[in-house]
Amino acid sequence: MNKYIKRRIKRNIYKHGNMIMYICIFAAASVITIASVAGRTEKVVLVDQSQIAVTERESIAMKDKDTQKVAAQEEAEETEKEQESGTQATIRVDVLNVRSEASQESEALGIVNEGETFQIISQGGQWIEIDYNGNNGFVKAEFVEIN
């Protein structure tokens with residue numbers, strides 16, 4: 001046999017051997033997936049907003065978490081109303097962003113410098129609502145001193 005024919009046969013064996021191996025792996029993975037789905041006993045009862053199917057047990061846990069979030073939010077609003085006062089806040093850091101909402105992802109209304117004092121509108125949790133140039137703005141409580 002010619003050496004070129006031998007090389008060609010070896011190359012074809014290698015190429016087809018890899019293909020057969022991939023087909024076997026795919027078939028085994030398919031059988032495992034089908035077997036796991038067939039053996040599943042939990043009933044899917046809810047598809048949430050992100051289109052993820054969840055089981056009945058998980059959907060009950062999700063409802064409980066939502067209830068807890070609503071209760072925590074209502075409690076935070078009550079404490080915020082209780083803490084409303086006419087006190088002042090003095091900035092303790094060199095430069096601080098004043099935000100439009102009580103979130104670091106919200107738009108920055110402006111920048112305040114150390115030592116500046118502002119009227120507190122309300123205070124709740126990690127954020128303090130201040131009167132910033134006639135607008136309501138939010139600053140993190142850890143960076144201000146309440147007078």
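1. Two strands count as paired if DSSP finds at least two bridges between them. Strands are DSSP runs of E with at least two residues, helices are runs of H or I with at least four, and both are numbered from the N terminus. By the pairing rule, S3 is joined to strand S9 (residues 144-146) by 3 bridges, and the two run antiparallel. Within this pair, Ala89 stands opposite Ile146 of S9.

2. This is a predicted model, in which local features need pLDDT of at least 70 and side-chain atom pairs count only at pLDDT 80 or more, while totals for chains, interfaces and linings use all residues. Residues are numbered from 1 along each chain as its sequence is written, and side-chain values use heavy atoms, with hydrogens and water left out.

3. The protein chain holds 2 helices and 9 strands, in the sequence order α-β-β-α-β-β-β-β-β-β-β. Strand S3 (residues 88-91) also pairs with strand S6 (residues 117-124), antiparallel and over 3 bridges. There, Thr90 has Thr117 of S6 as its bridge partner.

4. Of the 147 residues in the protein chain, 18% are buried (under 20% relative accessible area; exposed is over 50%, partly exposed in between; 1.4 Å probe, protein chains only). The accessible surface (Shrake-Rupley method, 1.4 Å probe; for residues, only the protein chains shown count as cover) is about 11,400 Å², and carbon and sulfur atoms supply 54% of that surface. Among contacts (heavy atoms within 4.5 Å) with a separation of 6 or more, 43% link residues 24 or more positions apart.

5. Helix H1 covers residues 3-38, which is 36 residues. The expected span is 1.5 Å times one less than the number of residues; this gives 52 Å, and the end C-alpha atoms are 52 Å apart, so the two agree. H1 is hardly covered, with a buried count of 0 among its 36 residues. Its N-terminal end is capped by Asn2, where a side-chain oxygen lies 3.2 Å from the backbone nitrogen of Tyr4.

6. The count of salt bridges (a side-chain nitrogen of Lys or Arg within 4 Å of a carboxyl oxygen of Asp or Glu) comes to 1. The side chains involved are those of Glu142 and Lys140, at 3.7 Å, N to O. Lys140 is buried because its relative accessible area is 14%, and Glu142 is partly exposed at 48%.

7. Asn133 has a positive phi, near 55 degrees, and is not glycine. Most residues other than glycine have a negative phi. Asn133 sits in the loop between strand S7 (127-132) and strand S8 (135-140); with a relative accessible area of 64%, Asn133 is exposed.

Definitions and conventions: Polar contact = N/O pair within 3.5 Å; in protein donor to acceptor, adjacent residues only side chain to side chain.
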